[in-house]
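This report examines a helix and its packing, then salt bridges and a surface patch.

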Amino acid sequence: SLGGDGDAGPQDLSNALWAAGEVGFRHDRFLTSLSERLTGVSEEATHLSHSDFSMQALCLLPYSLGKLRYHDETLIDAVLKDAVGRLHECNDQNISNLLVG
């Protein structure tokens, strides 16, 4: 949820990205900002650890980026690396979302 400082949490970011992907709304500045935050590149935003994400929220990231045809190899590699370490948490839908992405 949104904290007092206005930063979106993992579920908020995943939900926003999923919704954008579902309706085909691509906003490159948002996507770049999200990527920088998730890969630790951004100095302005609080870095989110992938472990902060539920498995569903984590697996929706590559799925949603794929729907938007937004390629960010650094982000996808980071998400996949984390997901592989947490495969025991995956259900069939999570794995499907990773593969589609």
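## Helix α1 and its buried face

In this predicted model, the buried residues of helix α1 are P10, L13, S14, L17, A20 and G21. Viewed along the axis of α1, these residues fall within an arc of 130 degrees, so they line one face of the helix. An α-helix has 3.6 residues a turn, so positions three or four places apart point the same way. The cover over the buried residues of α1 includes α2 (28–39) and α3 (55–67).

Helix α1 comprises 14 residues (residues 10–23), which at 1.5 Å a residue should span 20 Å; the end C-alpha atoms are 20 Å apart, in agreement with that value. After α1 comes G24, with a positive phi near 75 degrees.

## Salt bridges

The count of salt bridges is four. One of them joins K67 to E22, with the closest N and O atoms 3.8 Å apart. Because K67 belongs to helix α3 and E22 to helix α1, this pair ties together parts that are 45 residues apart in sequence. K67 is partly exposed, at 40% relative accessible area, and E22 is likewise partly exposed, at 37%.

A salt bridge also links D28 and R26, at 2.6 Å from N to O. In the salt bridge between R86 and D82, the closest N and O atoms are 3.3 Å apart. R86 counts as buried, because its relative accessibility of 11% is under 20%. Shared partners join D82, R86 and E89 into one salt-bridge network.

## Nonpolar surface patch

V84, L87, I95 and L99 make a nonpolar surface patch of about 400 Å². V84 lies in helix α4 (residues 73–85) and is exposed, with a relative accessible area of 55%.

Technical notes:
Residues numbered from 1 in each chain as written. Predicted model: local features only at pLDDT ≥ 70, side-chain atom pairs only at ≥ 80, totals over all residues. Heavy atoms only, no water. Helix = DSSP H or I, 4+ residues; strand = E, 2+ residues; numbered from the N terminus. Expected span 1.5 Å × (residues − 1). Buried < 20%, exposed > 50% of the residue type's maximum accessible area, 1.4 Å probe, protein only. Arc of directions from axis to C-beta. Contact = heavy atoms within 4.5 Å. Patch = residues over 30% accessible without salt bridge, like charges linked within 9 Å, V, L, I, M, F, W, Y side chains within 5 Å. Areas by Shrake-Rupley, 256 points an atom, 1.4 Å probe, with all protein chains shown as cover. Salt bridge = Lys/Arg side-chain N within 4 Å of Asp/Glu carboxyl O.
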